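This briefing goes through one protein model, topic by topic. Look at the sequence and the structure first, then read the points below.

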Amino acid sequence: MQFHHHGYVSGDPRVLPAEGVGVDRPTELPDEVDVLIVGSGPAGMIAAAQLARFPGVTTRIIERRPGRLAIGQADGIQARSVETFQAFGFAGRITAEAYQISEMCFWKPDVEHPENIVRTARPLDDPAGVSEFPHLIVNQARVLDYFAEYAANAPARITPDYGLEFLGLEVAEVTGAGEALPEFPVTVTLRHTTDSPDPAGPREGSERTVRAKYVIGADGARSGVRESIGRKLTGASANHAWGVMDVLAVTDFPDIRLKCAIQSHTGGSILLIPREGGHLFRMYVDLGEVPEGGSAAVRATTIEQIIAKANEILTPYTLDVKDVAWHSVYEVGHRLTDKFDDVAHEHVGTRTPRVFITGDACHTHSAKAGQGMNVSMQDGWNIAWKLGHVLEGRASEALLDTYSAERQVIAQNLIDFDREWSTLMAAKPEDLKDPTELEDFYVKTAEFPAGFMTHYAPSLITGSADHQSLATGFPVGKRFRSAPVQRVADGTPQHLGHHATADGRWRIYVFADAAGGGSTGDTAAVDALGAWLTESPDSPVVAFTPADADLDSRFDVKVIYRRPHTEVDLATVPPVFLPRSGPFGLIDYEKVHALRSDAGVAGGDGLSEPGVDIFAERGIDPAGAIVVVRPDHYVAQVLPLDGTAELAAFFARLMLPQREAVAAY
């Protein structure tokens, strides 16, 4: 984290100065807003947190509850989500309080005594090492708390407006030639669910309207926003029920503090999830098939019946439940909407979407794959940075069409995966094709539940893979996978991707050619690119950065040299990699990196491994490469070091010019 840009700061550097709409932010929800977020679940809160970094955008988030969520139903945090938390500054803090999954145990009927279960496999949770971050279990409410803290401390100072229920919305349309769309075309009707502390008197039950430029529906599976735009969740139930309970218990089951898939011979299955704190754990208990018309009876299953069923499955072990923190019964269902915004397929490109739905509002599935909260957060982040860019005039409205196009495909992939996983979990061992089919599927598909199989197709913001051979470890359309480097200025080991904060900027990583590296090598290719980035009117840094803004305010440009940090001469590094910022024009020394040395020092983030060559690990060609990364961490383009024309063309189709002529930096 960098601070002191504007002078010495003695307080918490995570509390950024209020700017724009964050200065004297009104306590009461105003009549007109740029973005209205409905629902303060994971998708809504991450959207608010991201938009809080756009102080020129008036964003409000409403929630029908009177206050923060106390107990959340979701608890699985995949490694991709922890990477996301790193971007929002709280990965380390939430990891410290969470339960970390390192292994998963599989239990099945004993061959000689099938009435008893025995451990049959114990694979690593991340056998391929797809991320340096762990798989966590932590209460959803804590995740929301951290995003709320971030949003409140960011420049726009966003806090939820509690006690407001969504009733409906209408989107204005242009009906005649020459008619202009209203500036705030979405009219939203709300109802107060709590009384006001205002001395003017109570208002519970009273209604009001708010006009917005855009609305994000993050209001769950029974989404009123989805209903208002005519979208429907379609799909089917698997006709299988599960009881879920968070409990404190005494047991002789030896793996109670390990994630387990437990299959009994006749009594069904259990998915065991240890919870944070060392004592609490969650059990998904198989309640069996749901007969036609039997949903009401299954939903009436008592907690005592769920506990009894769990004991039956765990034989010969016993479970003595002392306290139940939460429990529920649900049927597995897989449902999806055909589009995640309010524009019909045939009208895409002719009308700007104004209403977007995220998370459970547009895709529902079982809880056992631990994907609901994780995928929902990526929905919210995806649409939020795009709205920020459009509303601050950085990008064209065409950017908004990419939200539904990208995320609907990902949701379909999730449902396909979850259908197979939940079917295997509910199957009896003797009905599987192979005795090890469940654990084999778990190991084989580890990258999907970890959140790393998202692969966006070519679009306005994701280029082609024409130059993929220059950086094979950074597939275009997939998330930017971090790797260790060493900062040149002070020799500190770093993880390159951990400095990509959720600040709305694009990243341009320049991987130098084999000869580049300051005083000991020919840096012609990197020097030429650096000069073009700061001097050419075609450079995205020049064309799309306001003339009165810091050089790196829109694009975070970094260079990684293919040699030890002691062999790189900072005096010869192009200025674009050592930009000046703030009123004092201070030099940023944190954008110039080199190969990680083999000195064996621990990484500054506690996660780096000494001696790892990022060029070898990520398949960087000796000729070097440019890797362009979106604000949400996905690789948008891979280009050669002399691919300036392609780099210019990529951003020209997306972003809006911020100046008329080249400014001298």
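Seven strands make up an open sheet with mixed pairing, in the order β20-β19-β25-β22-β21-β26-β27. β20 (493–495) and β27 are the edge strands with a single partner strand each, so one side of each has no neighbour in the sheet. The model is a predicted one, in which local features need pLDDT of at least 70 and side-chain atom pairs count only at pLDDT 80 or more, while totals for chains, interfaces and linings use all residues. Residues are numbered from 1 along each chain as its sequence is written, and side-chain values use heavy atoms, with hydrogens and water left out.

**Terms for strands and helices**

- Helices (H or I, at least four residues) and strands (E, at least two) are DSSP runs, numbered from the N terminus.
- Two strands pair if DSSP finds at least two bridges between them.

- Axes here are lines fitted to C-alpha atoms, for helices over the stretch in contact, and angles run from 0 to 180 degrees between N-to-C directions.
- Strand β19 (residues 484–487) pairs with β20 in the antiparallel sense over three bridges.
- Glutamine 486 has proline 493 in β20 as its bridge partner.
- Helix α14 (residues 644–652) packs on the sheet and touches β21 (506–511), β22 (555–564), β26 and β27; the direction of α14 makes about 155° with that of β27.
- Contact means heavy atoms within 4.5 Å.
- Strand β26 (residues 625–629) and β27 run antiparallel and are joined by four bridges.
- Valine 627 is placed opposite valine 638 in β27.
- The hairpin of β26 and β27 has five residues between the strands, and histidine 633 in this hairpin takes a positive phi near 80°.
- Is strand β27 (residues 635–639) largely enclosed or left open by the rest of the structure? Five of its five residues are buried, so β27 is largely enclosed.
- Buried means under 20% relative accessible area, exposed over 50%, and partly exposed in between (1.4 Å probe, protein chains only).

**A three-stranded sheet**

- Three strands form an open sheet in the order β3-β7-β4, with antiparallel pairing.
- The edges are β3 (76–77) and β4 (99–101), each with a single partner strand, so one side of each is left without a neighbour in the sheet.
- β4 and strand β7 (residues 135–137) run antiparallel, joined by three bridges.
- Isoleucine 101 is opposite histidine 135 in β7.

**Strands β1 and β2**

- Strand β1 (residues 32–38) and β2 run parallel, with four bridges joining them.
- The bridge partner of isoleucine 37 is isoleucine 61 in β2.
- Five of the five residues of strand β2 (residues 59–63) are buried, so β2 is largely enclosed by the rest of the structure.
- Thr59, Ile61 and Glu63 point one way from β2, whereas Arg60 and Ile62 point the other way.

**Helix α2**

- Eight of the nine residues of helix α2 (residues 79–87) are buried, so α2 is largely enclosed by the rest of the structure.
- Among the elements covering the buried residues of α2 are α1 (42–51), α3 (91–97), α4 (140–153) and α8.
- Glycine 89 follows α2 and has a positive phi, near 85°.

**Nonpolar cores**

- A nonpolar core is a set of buried Ala, Val, Leu, Ile, Met, Phe, Trp, Tyr and Cys residues joined through side-chain atoms within 4.5 Å.
- The largest nonpolar core has 111 residues, and Phe88, Phe147, Val215 and Trp506 touch the most other members.
- Helix α8 (residues 372–391) gives the largest share of this core, eight residues.
- Domain 1 (20–90 + 139–235 + 335–426) and domain 3 (468–653) both give residues to this core, so it lies between them.
- A second, separate core has 49 residues, including Val247, Phe253, Ile270 and Trp421.

**Isoleucine 383**

- Isoleucine 383 is in helix α8 and is buried, with a relative accessible area of 0%.
- Leaving aside neighbours within four places in sequence, isoleucine 383 is in contact with Ile216, Phe356, Thr358, Leu400 and Tyr403.

**Domains 2 and 3**

- Domain bounds come from an automatic or database domain assignment, which gives domain 2 as 99–137 + 239–331.
- The C-alpha centres of domain 2 and domain 3 lie 46 Å apart.
- Five residues from domain 2 and six residues from domain 3 take part in the contact.
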